[in-house]
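Please look through the sequence and the structure shown below before reading on.

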Amino acid sequence: MQIKNFLIDESLKELTKHHTVVMPIACYQTTITQNIHGYIPLHWHDEIQFVLIVKGEAIFQVNEDWIVVREGDGLFINSGRLHMAQEKDQSGCVYICLNLSPFFVLSQELYTTYVKPYIQATNLPYLYVDANEIWGGNILDAILKIYQSIEQKPQYYEIDITMQLTLIWKNLIDNGFKLEYVQTEVLKSQRMKEMLSWIHQHYAEKIMLEDIARAGQLSRSECCRYFKRFLKCTPLNYVIDYRIQKSLYLLQQGDSTITEVAYQVGFNSTSYFIKEFRNSMNMTPLAYKKNKMYND
C-alpha cells in the first residue's frame, strides 16, 4: 500500500498542483487511509472541489460543519473553505476527487454572472450532492465521465471535459439555492486561517494561548470560541495534534531518536511526547517508527 504525504504550507493552503498539462483541472481517485496521517488533514485551496464516494463512507469537515457522505453520493466544496476528510467506521472509503479553477468552469464572458456569485456566497461553503436528486445524479455522472476521460484520454477528451463541467455547473446553480453574502463570515474565516497559519509557522516553539489569539486579533476567550466552533477542540489541543502530525514524517526517516523528534516538533519532554502520541495514534512513537520501517 502506498502511503501518501498530503502537502500543505503554513497557511494550510494545499500545495498539490490541481491541473494537467493542458487545463487547470485534476480528477483522481483517493483512498483516505493511504494518507500518512490516516486521514486527509485540514487544508484549503483556491480551486473548487467535487467529491464522488465510490466505496464506503466519509466524514468531511467544511469550515465548522461535519458531513457524512454516503457511498454513491458526493459533495461540492467551495473555493477557499477549510476542509478535511476521514473514513467512517473503517468502511475502506475511496472517492473520486475533481478539483478545478473557478475560472475554468465557464467561459470568461459567463464567469461574472454565473460563477463568481456562487464562489463568493458566504452561505455556500459546501453542498451535499444526493444521487437520488435529478440534479445531483447528473453532477455525479459527469464527475465519473470526467475521471474516465482523463484516465483513458480518447480523442477530443478535453472538449468532452469542458462539456461535462458546463453540465455540472448548470445543475449546481439550477437547484434553487439562494445566495447570501455576509462580510462578518468572511472575516471569521480569515481570522481562523491566520491563527492556524501562525501555529504552523511556530509549532516548534513555546506557544501560549495569548500568542494564538493575537494572531487572529482576538481575545483569549474569543480565540477559544473560534477553535471550538471550527475544530471542536481548544487552541492548545490543536497545537499538540499538529505537533504529532509533524512528528510522523520525522519518525519515518529513521535517522532521529524519539527524543530528537520530540524536541524538533516542540515538545519539551520526551515522556510528554510519548504520552500524547499514544493518545493520538494508539501506539508509542517507537512502535510507530518500527512499524513503518518494517512495512517499508
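Four strands make up an open sheet, arranged in the order β2-β7-β4-β5, and their pairing is antiparallel. The model is a predicted one, and a second open sheet in it has five strands in the order β1-β8-β3-β6-β9, again with antiparallel pairing. Strands of a sheet pair through backbone hydrogen bonds, either parallel or antiparallel.

- Strand β2 pairs with strand β7 (residues 83-87) in the antiparallel sense over two bridges, and Ile 40 stands opposite Ala 85 in β7.

**The five-stranded sheet**

- In the sheet with the order β1-β8-β3-β6-β9, β1 and β9 stand at the edges with a single partner strand each, so that one side of each is left without a neighbour in the sheet.
- Neighbouring strands of this sheet are turned against each other by 15° on average, when direction is ignored.
- Seven bridges hold the antiparallel pairing of β1 and β8, where the bridge partner of Gln 29 is Ile 96 in β8.
- Strands β3 and β8 also run antiparallel and are joined by seven bridges, with Ile 53 standing opposite Tyr 95 in β8.
- Four bridges join β3 to β6, which run antiparallel, and here Phe 50 stands opposite Phe 76 in β6.
- Strands β6 and β9 pair in the antiparallel sense over four bridges, with Leu 75 opposite Tyr 128 in β9.

**Covered and uncovered strand faces**

- How many of the residues of β8 are buried? Seven of its seven residues are, and the strand is described as mostly covered.
- From β8, Val 94, Ile 96, Leu 98 and Leu 100 point one way while Tyr 95, Cys 97 and Asn 99 point the other way, and all of them are buried.
- Strand β9 has one covered face, made of Leu 127 and Val 129, and one uncovered face, made of Tyr 126 and Tyr 128.

- The buried residues of α3 are Trp 135, Gly 136, Gly 137, Ile 139, Leu 140, Ala 142, Ile 143, Ile 146, Tyr 147, Ser 149 and Ile 150.
- An α-helix has 3.6 residues a turn, so residues three or four places apart point the same way.
- What covers the buried residues of α3 includes the strands β1 (25-31), β3 (48-55), β6 (74-77), β8 (94-100) and β9 (126-129), together with the helix α4 (157-173).
- Just after α3 comes Lys 153, which takes a positive phi of about 50°.

**Helices α5 and α7**

- Two packed helices are described by the angle between their axes and the distance between the axes.
- The axes of α5 (residues 183-202) and α7 (residues 220-231) come within 11 Å and cross at roughly 100°, which makes α5 roughly perpendicular to α7, given that angles of 65 to 115 degrees count as such.
- On the α5 side, the residues that meet α7 are Glu 185, Lys 188, Ser 189, Arg 191, Met 192, Met 195, Leu 196 and Ile 199, and on the α7 side they are Cys 223, Tyr 226, Phe 227, Arg 229, Phe 230 and Leu 231.
- The residues of this contact between α5 and α7 divide into nine nonpolar, one polar and four charged.

**Positive phi angles in two loops**

- In the loop between β7 and β8 lies Gln 90, whose phi is near 50°, a positive value in a residue other than glycine.
- Is Gln 90 buried or exposed? Gln 90 counts as exposed because its relative accessibility is 76%, and the cut-off for exposed is over 50%.
- Gln 217 is placed in the loop between α6 (209-215) and α7, and although Gln 217 is not a glycine, its phi is positive at about 55°.
- With a relative accessibility of 61%, Gln 217 counts as exposed.

Terms used. Residues are numbered from 1 along each chain as its sequence is written. This is a predicted model: local features need pLDDT of at least 70, side-chain atom pairs count only at pLDDT 80 or more; totals for chains, interfaces and linings use all residues. Side-chain values use heavy atoms; hydrogens and water are left out. Axes are lines fitted to C-alpha atoms, for helices over the stretch in contact, and angles run from 0 to 180 degrees between N-to-C directions. Angles under 35 degrees count as roughly parallel, over 145 as roughly antiparallel, 65 to 115 as roughly perpendicular and the rest as oblique. Contact means heavy atoms within 4.5 Å. Ala, Val, Leu, Ile, Met, Phe, Trp, Tyr, Cys and Pro count as nonpolar, Asp, Glu, Lys and Arg as charged, and the others, Gly among them, as polar. Buried means under 20% relative accessible area, exposed over 50%, partly exposed in between (1.4 Å probe, protein chains only). Two strands pair if DSSP finds at least two bridges between them.
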